[in-house]
Amino acid sequence: MLKFVRLLSSVVITLAAIFLGYCYFTKKGIFAPAVVHNVEVKIGGDFSLINQDGQTIRSSDFKDKYMMIFFGFSSCKKICPMNLGIISETLAKLDERTNNKLQTFFITVDPERDSTEKLKEFQQQFDHRIQMLTGERKKIDEVIANYKVYASKVGGEEEINHSSIIYLIGPGGKYVTHFAADLNSYESQSDKIIAEIKKYVSKL
């Protein structure tokens, strides 16, 4: 009986070793590489807002173009002026073909203070091709949520902490990529953005 048990144990161990060896060399079973399923994070969505001239602007009107979108507010002291300056420099360097395939928007996160009149005055500091958009608080909040933008009032609600990402949205409203300008770099941020834009716009 003892011999039988020892024999059975030897057979089980041998089979186990063979199985583990098979799994190791074929990368199957417990040695199979972990599979990570890519989950698409949805960024973007349709919007209908008012520009600095009081006109209704619908994102669906630009479904055949690329859209470059930046969020901020006109009373912003540093981040917004610097990013809008970079965007203006980028637009100034675009060739005509790329320019015709791109529309740029600045969407306020502070609609209570950013009236159309205030945005029109703010726009004069930057490239005229940047449309400044505002709207009802509810609509703005929906756009902020859709684009995964961080915005939070601080310091007695005079200042607003917000993300400084510049989005590139493709035809049909599909998220393509985003830019995060390095405001402390001596390298041309506009040249970097142009290089990225042309990667995608050239395909259109």
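This note goes through the sheet, the helices packed on it and the salt bridges of the structure above.

1. The model is a predicted one, in which local features need pLDDT of at least 70, side-chain atom pairs count only at pLDDT 80 or more, and totals for chains, interfaces and linings use all residues. Residues are numbered from 1 along each chain as its sequence is written, and side-chain values use heavy atoms, with hydrogens and water left out.

2. Seven strands form an open sheet with mixed pairing, in the order E2-E1-E5-E4-E3-E8-E9; strands here are DSSP runs of E of at least two residues, and helices are runs of H or I of at least four, numbered from the N terminus, while two strands pair if DSSP finds at least two bridges between them. Strand E2 (56–58) and strand E9 (175–179) are at the edges, and each has a single partner strand, so one side of each is left without a neighbour in the sheet. From one strand to the next the twist averages 35°, with axes fitted as lines to C-alpha atoms (for helices over the stretch in contact) and angles running from 0 to 180 degrees between N-to-C directions.

3. Within this sheet, strand E3 (residues 66–72) runs antiparallel to strand E8 (residues 166–169), and four bridges join them. Met68 has Leu168 in E8 as its bridge partner.

4. Helix H5 (residues 137–146) packs on the sheet, where it touches strand E1 (48–51), E3, strand E4 (102–108) and strand E5 (130–134), and its direction makes about 115° with that of E1; contact means heavy atoms within 4.5 Å. Helix H6 (residues 189–201), by its side, lies across E3, E4, E8 and E9, and runs at about 170° to E9.

5. The whole structure holds 12 salt bridges, each a side-chain nitrogen of Lys or Arg within 4 Å of a carboxyl oxygen of Asp or Glu. One of them joins Asp141 to Arg137 (3.0 Å, N to O), and both of these residues lie in helix H5, four residues apart, about one turn of the helix. Glu112, Arg137, Asp141 and Lys153 are linked in a network of salt bridges.

6. In the salt bridge between Arg129 and Asp127 (2.8 Å, N to O), Asp127 is buried at 12%, whereas Arg129 is partly exposed at 26%. Glu187 and Lys192 also meet (3.8 Å, N to O); Glu187 is exposed at 52% and Lys192 partly exposed at 41%.

Conventions. Buried means under 20% relative accessible area, exposed over 50%, partly exposed in between (1.4 Å probe, protein chains only).
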